[in-house]
Amino acid sequence: MAVAVRRGRAHRGPRYDNVTGRDGGCRFCKRYGPGDPHEAVVDMRAVGFRPLEPFKNIASPWLSLCERCQKISSPRLNNVRTRGECCQHCARYGLDPGAPARLYVLAHAECGAVKIGITGLRTREDRVVRFQSHGWVPFAQIQFATGADAYRVEQRVIKLLRAEGHPVFLSDAQMPIGGYKETFDASRVSVGRLLALAEAEL
């Protein structure tokens, strides 16, 4: 493959008058960042990350806590914005914020618990089936265009119920496959109530 060679004056970086007089500077930063720190945090929180350090720029790894699995990773904001990158620990469940997803409501008679959760539609592992193998029974499911939409509704329902005084019902030890933070006491919160609250947020 031929490569064109450009002759003439060597490139010496941006000129001073361009930077100061014509709103110049780094072309990458002008188009993609470094960006507003507040907007950066908002975008990270929208897909389930809670930043654990100050914002640097969109291309640097950003130490964050995944609100779903409570594990730490370092996603880059530009990946989150352009590809909907999710937590590396949750990736095996296929929760892509930019891809189709579903919200589910489950019940566990023996534990006296109900649960709300979300998972991707195009996954290597069916999260609901996995819960079924541990005694959970599906009650209802709602499909969403994106994982971010499903996450927003799920978190809104959880926030409303926690504000009403309904704490996490099951412990981490009782749910070895994860998801205990989205459980409720079935004697106080029914599967029907979980579904109704989720539908109200659509």
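Phe 184 lies in strand β7 (strands are DSSP E runs of at least two residues, helices H or I runs of at least four, both numbered from the N terminus). The model is predicted, so local features need pLDDT of at least 70 and side-chain atom pairs count only at pLDDT 80 or more, while totals for chains, interfaces and linings use all residues. Residues are numbered from 1 along each chain as its sequence is written, and side-chain values use heavy atoms, without hydrogens or water.

Phe 184 counts as buried because its relative accessibility is 0% (buried is under 20% relative accessible area, exposed over 50%, and partly exposed in between, with a 1.4 Å probe and protein chains only). Beyond its neighbours within four places in sequence, Phe 184 is in contact with residues including Gly 112, Ala 113, Val 114, Ile 116, Ile 158, Leu 161 and Leu 194 (contact means heavy atoms within 4.5 Å). His 166, Pro 167 and Phe 169 are also among its contacts.

In soluble globular proteins, nonpolar side chains tend to be buried together.

Strand β5 is mostly covered, with eight of its eight residues buried. One side carries Ala 113, Lys 115, Gly 117 and Thr 119. The other carries Val 114, Ile 116, Ile 118 and Gly 120. Ile 116 touches Leu 103, Tyr 104, Glu 154, Val 157, Ile 158, Glu 182, Phe 184 and Leu 194, leaving out residues up to four places away in sequence.

Strands β4 and β5 run antiparallel and are joined by eight bridges (two strands pair if DSSP finds at least two bridges between them). Val 105 stands opposite Ile 116 of β5. Four residues separate the strands of this hairpin, where Gly 112 takes a positive phi near 65 degrees. Strand β5 is also joined to β7 (residues 183-185), antiparallel, by three bridges. There, Ala 113 stands opposite Asp 185.

In helix α7, Val 191, Leu 194, Leu 195, Leu 197 and Ala 198 are buried. Seen down the axis of α7, these buried residues fall within an arc of 165 degrees, so they line one face of the helix (the arc is that of the directions from the helix axis to the C-beta atoms). Their cover includes β4, β5, β6, α6 and β7.

A separate open sheet has three strands in the order β1-β2-β3, with antiparallel pairing. Strands β1 (49-51) and β3 (72-73) are its edges, each pairing on one side only. Two bridges join β2 (residues 64-66) to β3. Leu 65 has Ile 72 of β3 as its bridge partner. Helix α3 (residues 37-46) lies across β1 and β2, at about 145 degrees to β1 (axes are lines fitted to C-alpha atoms, for helices over the stretch in contact, and angles run from 0 to 180 degrees between N-to-C directions).
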